[in-house]
Amino acid sequence: MSVRQRGPRPAVHGFTLIEIVVVVLILGVVLALAVPSYTGAVNGSRLAGTSNELLASLKQARAEAIRRNQRVVVCPTLNGTTCATSWSEGWLVFEDANRDDGVSTGEEVISVATPSAGTQVLPSPAISGTHRIRYSPDGFARAANRALLSATFAVCRPVTQPADNVRDLTLTGGSRTSIQRRNASGACADPSDP
């Protein structure tokens with residue numbers, strides 16, 4: 001039996017301190033460039049999600065009012081079962097058979113939605129006075145004086161990333177809805193009626 005002779009071991013090479021410092025600097029630069037873009041993308045996604053959810057609730061309320069041949073109301077809620085005054089906490093859609101502007105026994109809550117955390121939902125004066133959007137069986141939202149409702153919601157995040165930190169959801173002519181981006185320089189303020 002022959003015995004193998006072991007030779008000298010090859011030298012093990014590691015990273016030098018300079019190589020590690022260069023890699024850390026490169027990672028720092030990449031992160032410094034990526035984090036603001038990521039933050040802006042997350043905030044933009046939250047704005048879009050909340051404004052689209054509110055738009056979907058308004059469209060659902062209109063469709064249900066027509067389908068049920070019944071008045072359907074959208075109002076802010078804190079608990080998902082009764083109306084409140086702060087749209088930033090959430091909103092609900094319910095049938096209002098007795099036309100009392102509140103969820104009563106036997107009336108169905110059709111849907112409940114909540115905005116993304118840190119997102120504000122601010123109504124214009126046409127809505128903030130009653131905190132309700134009422135769709136009649138003809139599919140139109142009307143103001144207290146029975147005129148077709150024209151109002152705006154500002155869906156806002158008090159941030160500068162993205163620059164367009166507000167989504168204005170406008171309801172005109174009682175049923176037409178649209179969403180527009182707006183740069184409010186990081187501020188959130190109550191919108192005006194269209």
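Predicted model: local features only at pLDDT ≥ 70, side-chain atom pairs only at ≥ 80, totals over all residues.

## A helix and a buried asparagine

Helices here are DSSP runs of H or I with at least four residues, numbered from the N terminus.

Is Asn43 buried or exposed? Asn43 has a relative accessible area of 7%, and because the cut-off for buried is under 20%, Asn43 counts as buried. Which residues does Asn43 touch, once its neighbours within four places in sequence are left aside? Its contacts are Arg157, Val159, Gln161 and Pro162. Pro162 belongs to the loop between S6 and S7.

Strands of a sheet pair through backbone hydrogen bonds, either parallel or antiparallel. In this model, four strands make up an open sheet with antiparallel pairing, and their order is S4-S6-S7-S8. The edges are taken by strand S4 (120-123) and strand S8 (176-182); each has a single partner strand, so one side of each has no neighbour in the sheet. On average, and with direction ignored, neighbouring strands of this sheet are turned by 20° against each other.

Let's look at one pairing within the sheet. Strand S6 (residues 151-156) and strand S7 (residues 166-172) run antiparallel and are joined by six bridges. One of the residues involved is Ala151, whose bridge partner in S7 is Leu171.

## Backbone details in the loops

Most residues other than glycine have a negative phi, and most peptide bonds are trans. Some places in this model depart from that pattern. The peptide bond from Gln161 to Pro162 is cis, its omega being near 5°. As noted, Pro162 sits in the loop between S6 and S7, and both Gln161 and Pro162 are among the contacts of Asn43.

Asn69 has a positive phi, near 55°, and is found in the loop between helix H1 (17-68) and strand S1 (72-76). Asp101 also has a positive phi, about 65°, although it is not a glycine; its place is the loop between strand S2 (91-95) and strand S3 (109-113). How do their surroundings compare? Asn69 is exposed, with 58% relative accessibility, whereas Asp101 is buried at 18%.

In soluble globular proteins, nonpolar side chains tend to be buried together. The largest nonpolar core of this model has 24 residues, and those with the most contacts inside it are Leu54, Val74, Trp87, Trp91, Ile133, Tyr135 and Phe153. At least two residues of this core come from each of H1, S1, S2, S3, strand S5 (133-135), S6 and S7. H1 gives the largest share, six residues. Apart from this core lies another, of five residues, among them Ala154, Cys156, Val166 and Ala184.

Beyond its neighbours within four places in sequence, Trp87 is in contact with Val74, Cys75, Pro76, Pro115, Val121, Pro123, Ile127, His131, Arg132 and Phe153.

## One aromatic pair

How many aromatic pairs does a search of the whole structure find? There is one. Trp87 and Phe153 form this pair, with 4.9 Å centre to centre and 70° between the planes, an edge-to-face arrangement. Trp87 lies in the loop between S1 and S2 and Phe153 in strand S6, so the pair links distant parts of the chain, 66 residues apart. Both Trp87 and Phe153 are buried.

## Two disulfides

A search of the whole structure finds two disulfides. With bonded cysteines counted along the chain, they follow the pattern 1-2, 3-4.

Cys75 and Cys83 are bonded with their sulfur atoms 2.0 Å apart. This link is left-handed, with -80° about the S-S bond.

Cys156 is buried at 1% relative accessibility, while Cys188 is partly exposed at 24%.

Key:
Residues numbered from 1 in each chain as written. Heavy atoms only, no water. Pairing = 2+ DSSP bridges. Axes fitted to C-alpha atoms, helices over the stretch in contact; angles between N-to-C directions. Buried < 20%, exposed > 50% of the residue type's maximum accessible area, 1.4 Å probe, protein only. Contact = heavy atoms within 4.5 Å. Phe/Tyr/Trp six-rings, centres within 6.5 Å; stacked < 30°, edge-to-face > 60°. Core = buried A, V, L, I, M, F, W, Y, C linked by side-chain atoms within 4.5 Å. Disulfide = S-S within 2.5 Å.
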